[in-house]
Amino acid sequence: MRQIVRILLFLVSAAPWAMARGATLSLVVLLMGAALLGLSGWFITASGLAGIAGIGIGFDFFRPSAGVRFLALGRAAARYGERLLTHDATLRALAKLRVWLLEQEATRDAWRLMRLRSEAVLTRIVADVDALDGIVLRLLLPGLAALVTHLAVFWTLGWLVGWPMAWAILAGYLPFGALILWQLGRRGLAPSETAEAEAQTLRRGLIDTIRDREALIVRGRIGAREDALLDIDRRAREAAKALDRAERDAGLLLTVLVTSVAGTALLVGGWLVGSSATGAAAAAIGVFVALALAEALQPLRRGFAELGRMAGAARRIGADIAPVARLRGPSATAGADTEADSIATGAPVLALRTSAIRLDLGSGEAAAITGPSGAGKTTLLLQIAKLLDTPLRDGEPAIAVLGRQPRDWDEAAFRDAVTLVPQRSALLRGTVRSNLALAANATENDMWAALDAVALRETIRARGGLDARLGEGGSGLSGGQSRRLTLARALLRRPRLLLLDEPTEGLDTVTAAQVLEGIRHALPNAAILAALHRGWGHSVFGHQRVLRLPPRT
């Protein structure tokens, strides 16, 4: 629940004036509804009594009927404005929540950012943010409006009808209404969270099935996948049924509560009339207002029923934005140093001192890191690239680039000196030219030279040249071609240190050899460190060092 409160405070602070306008109109709707029924009850009773007494011709029908029309029309207009403003406020707040969430994620290390690119993670985040709209629309605004309405009605009834009537309605609605909603929240906590989780799982499963249908059919697994999806759907339906039962039972109890409070108001009104404490028409106000207050409680039913769904979303979103140790920026003295100062010391481009590796890599030299999956090759490259924090070893830096720890570099200078090409290609919708231009302000000849280095010139030329358009994520190119295009983009930066994570992944042996040889020729003075599964890759770079990481224990 603390995560719900935290998210709620953020949503309110994200659009405070919009929230205030929506809350005001929510309150106006409830107050006008109570006033409408109260005035109608008084009008009907008073006019009936006037007719029985034979003085109906002298009764003022016009002002009460005008008041009824005003409240009816005003309530309809306020309801329209309330729906408009509360949804506008919620959408504004959720938009800021999405931006804040992405800003927080942008400060994470590379592992977290790579996990964020997963379709499953992105789908979950989108669904969780959407689930949080109920915190405002179904809990906060209607809850505040209901509480203030009950208090306002209490004081008004005490003044117009009598305090026994006011206390009877308040004591009936507030504690018992809160108890019913609390029980609904407890009972629906597990099924609502389960229903949401299973619905998200089913959505991802359907997407995966559609995407992998050919492989599933070839392997004869399409039937098993269908059975698994049907099982997920069954669990989601069972949770939804349990939640629906809990909500219906709560609705029944609220109906009983409204009937009981209205009946109690009728009895108290009769007692007040019998004791000459108030008139019959005034007593009717209490009975009709008791019926009108049902409108304040019923909208909360859905919000409390979905409390588990919102709590689960708030917990996951809260975990996504939990504070983490961020990578430290440049030290106080690093800003005074320049890249030229570091080079003047004669330090190697890259120095590694870990329990598994001891390496000094100078300009024009290259090395390959091999080892089984999970041994830490990618982690090491990310640490060198200043995308994961770098630990110290025996009080000394385990990694130094041009004589300095990555954490002590100015960010812009470091990015000019070091380029990392990760395993997953990162291409944008647009032209080949625009994707290459992300690296540097390169000429057209430079772009073609980079494409030639990665054996992609003829492929791009056949597709229409540099102005050939790519789809989202580089769709239109094969996996190997997308990989080579990202390598060409890295070459345009002309870094001092080039880090390659599985650069030959998805390439055949001949093409892989051409690409590695082209990279070396394109950057003859750069230090190159590559993580390779294929042990022969080191000979193509023309170096003698191969570093093998042992399996992690």
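## Basis of the values

Residues are numbered from 1 along each chain as its sequence is written, and side-chain values use heavy atoms, leaving out hydrogens and water. Because the model is predicted, local features need pLDDT of at least 70 and side-chain atom pairs count only at pLDDT 80 or more, while totals for chains, interfaces and linings use all residues.

Helices (H or I, at least four residues) and strands (E, at least two) are DSSP runs, numbered from the N terminus.

## Helix α10

Helix α10 covers residues 280-292. Its 13 residues should span 18 Å at 1.5 Å a residue, and the end C-alpha atoms are 19 Å apart, which agrees. The expected span is 1.5 Å times one less than the number of residues.

Ten of the 13 residues of α10 are buried; buried means under 20% relative accessible area, exposed over 50%, and partly exposed in between (1.4 Å probe, protein chains only). Among the buried residues are Ala281, Ile285, Val287, Val289 and Ala292. The elements that cover them include α2 (16-52), α6 (133-160), α7 (163-211), α9 (222-274) and α11 (294-305). Contact here means heavy atoms within 4.5 Å.

## Nonpolar cores

A nonpolar core is a set of buried Ala, Val, Leu, Ile, Met, Phe, Trp, Tyr and Cys residues joined through side-chain atoms within 4.5 Å. The largest has 37 residues, and Leu436, Leu451, Leu485 and Leu498 have the most contacts inside it. Two or more residues come from each of β3 (366-370), α16 (432-437), α17 (444-453), α19 (479-493), β10 (497-501), α20 (509-522) and β11 (527-531). With six residues, α19 gives the most to this core.

Another core, of 33 residues, lies apart from this one and includes Met165, Tyr173, Ala262 and Ala290. Returning to the largest core, Leu436 is one of its residues with the most contacts. Leaving aside residues up to four places away in sequence, Leu436 touches Met447, Leu451, Leu466, Leu485, Ala488, Arg489 and Leu492.

## Helix α17

In α17, the buried residues are Met447, Trp448, Ala450, Leu451 and Ala453. Their cover includes α16, α18 (457-462), α19 and α20. Alanine 455 follows α17 and has a positive phi, near 60 degrees.

## Positive phi in two loops

Serine 276 lies in the loop between α9 and α10. Its phi is near 60 degrees, a positive value in a residue other than glycine. Serine 276 counts as exposed, at 66% relative accessibility.

Glutamate 502 lies in the loop between β10 and α20, and its phi, near 55 degrees, is also positive in a residue other than glycine. Glutamate 502 is buried, with a relative accessible area of 5%.

## The three-stranded sheet

Three strands form an open sheet in the order β2-β1-β6, with antiparallel pairing. Two strands pair if DSSP finds at least two bridges between them. β2 (358-361) and β6 (399-401) are at the edges with a single partner strand each, so one side of each has no neighbour in the sheet. From one strand to the next, the twist averages 5 degrees.

Strand β1 (residues 350-353) is joined to β2 by four bridges, and arginine 353 stands opposite arginine 358 in β2. Helix α14 (residues 377-384) packs on the sheet, touching β1 and β6, and its direction makes about 45 degrees with that of β6. Axes are lines fitted to C-alpha atoms, for helices over the stretch in contact, and angles run from 0 to 180 degrees between N-to-C directions.
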